[in-house]
Amino acid sequence: MAPESKKLFNIVILGVAFMFMFTAFQTCGNVAQTVIRSLNRTDFHGSGYTSMAIIYGVFSASNLITPSVVAVVGPQLSMFVSGLFYSMYIAVFIQPFPWSFYTASVFIGIAAAESDRRTVFIALTVISLVGAVLFFLIRKPDPENILGDDDSSDGQDLEVTESAQNTMTKAVDAFRKSLKLCVTKEMLLLSITTAYTGLELTFFSGVYGTCIGAVNKFGTEEKSLIGLSGIFIGIGEILGGSLFGLLSKNSRFGRNPVVLLGVLVHFVAFYLIFLNMPADAPIAPAEGTSSSAYIRSSKEVAILCSFLLGLGDSCFNTQLLSILGFLYADDSAPAFAVFKFVQSICAAVAFFYSNYLLLHWQLLVMVTFGFFGTISFFTVEWDAAAIVARGSDYRSI
């Protein structure tokens, strides 16, 4: 297989594998609190929010050591083992126990009726395992033989030794750069925006679906609406990602208009959710809530808000990734490590307080961070071209 064909093949395999894994995991996360809440009627007692808080908390810390782990065991084995941990977490829902539920949540950070529930989570586990196994289909690039035949054996041994040393050195350097990068002006400002993406990630991936499933006034369709909500969140993400991600290269107006659109879309969604959902929906018991919202709870408005949440999230993420790649083009790995660290730790905090805060307080927290996060992004974007032009200090970190 030609080198270019091999690269394309690997990209396709990676895409399909991650599609399988995260289809299963995101579906599981979307319904986790609702499923666990129904199981609390039995001998099982746990919280889907707490589980996701553990996942993102460990994930945030793992971002600091992941480069070193990958350098030692290699990317292919790392992804496969991580896929097994994802599958293990999903499999716990087949027959959950509190100790196994929270233990699996730790490992995943490093990397309805009873019969219906088991069938669903068995299917999700299999889907996730298929994605993990697909990583073994990734083909390694052909080594370039630039040595003569007589020196090839000794040269290859020397090359392997130097390659391993260089990889470990790069991993340590990336770790140091990530720590130094955290205190630069640009990254501190972007961290506010990143923190907001972590908070709203928690809301649309775990809390909002739970709210929909808890509203008794939706009738017998309340639980099925959770899946429909996830579909429309995905539609919003796909639309925004394709529109603002692929087409932003030709934009003459920069990134700020897209971020402004994203925050306005989210604020509209938050306001509609505030009006449409009872305040106690996130922490309602297994029986759901019959409390009244400010308006008559509408299924159509609830699904519209799902779409708006996905669309707004895609606006922020595409532009954050774009500006990080622009500012730190020479060595982007430390910048993205800081990005994932801040986002994950904020998601963990949000999942933790979701166990206790009423809906309107959660919305207020997101509105506050969304406002200041947008202002901080604008500040960095206005200076981005000048920063790169003058060769900012971050290039020498």
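Helix α10 of this predicted model covers residues 256-276. Its 21 residues reach 30 Å from the first C-alpha to the last, close to the 30 Å expected at 1.5 Å a residue. Much of the interest here lies in what gets tucked away: the buried residues of α10 are Asn-256, Val-258, Val-259, Gly-262, Val-263, Val-265, His-266, Ala-269, Phe-270, Ile-273, Leu-275 and Asn-276.

Several of these turn up again around Leu-309. Leaving aside residues up to four places away in sequence, Leu-309 touches His-266, Ala-269, Phe-270 and Ile-273, along with Phe-203, Phe-204 and Tyr-208. Leu-309 and Ile-273 are also among the residues with the most contacts inside the largest nonpolar core, a list that includes Leu-190, Phe-203, Tyr-208 and Met-277 as well. That core has 74 residues, and its largest share, 13 residues, comes from helix α11 (residues 299-327). Domain 1 (1-98 + 113-140) and domain 2 (181-384) each put in at least three residues. In soluble globular proteins, nonpolar side chains tend to be buried together.

Now for helix α8 (residues 185-214), which holds Thr-194. Thr-194 counts as buried because its relative accessibility is 3%, and the cut-off is under 20%. Its contacts, again not counting residues up to four places away in sequence, are Leu-320, Phe-339, Val-342 and Gln-343.

Ala-337 sits in helix α12 (residues 333-353). With a relative accessible area of 15%, Ala-337 is buried too.

Note on methods:
Residues numbered from 1 in each chain as written. Predicted model: local features only at pLDDT ≥ 70, side-chain atom pairs only at ≥ 80, totals over all residues. Heavy atoms only, no water. Core = buried A, V, L, I, M, F, W, Y, C linked by side-chain atoms within 4.5 Å. Buried < 20%, exposed > 50% of the residue type's maximum accessible area, 1.4 Å probe, protein only. Helix = DSSP H or I, 4+ residues; strand = E, 2+ residues; numbered from the N terminus. Domains from an automatic or database assignment. Contact = heavy atoms within 4.5 Å. Expected span 1.5 Å × (residues − 1).
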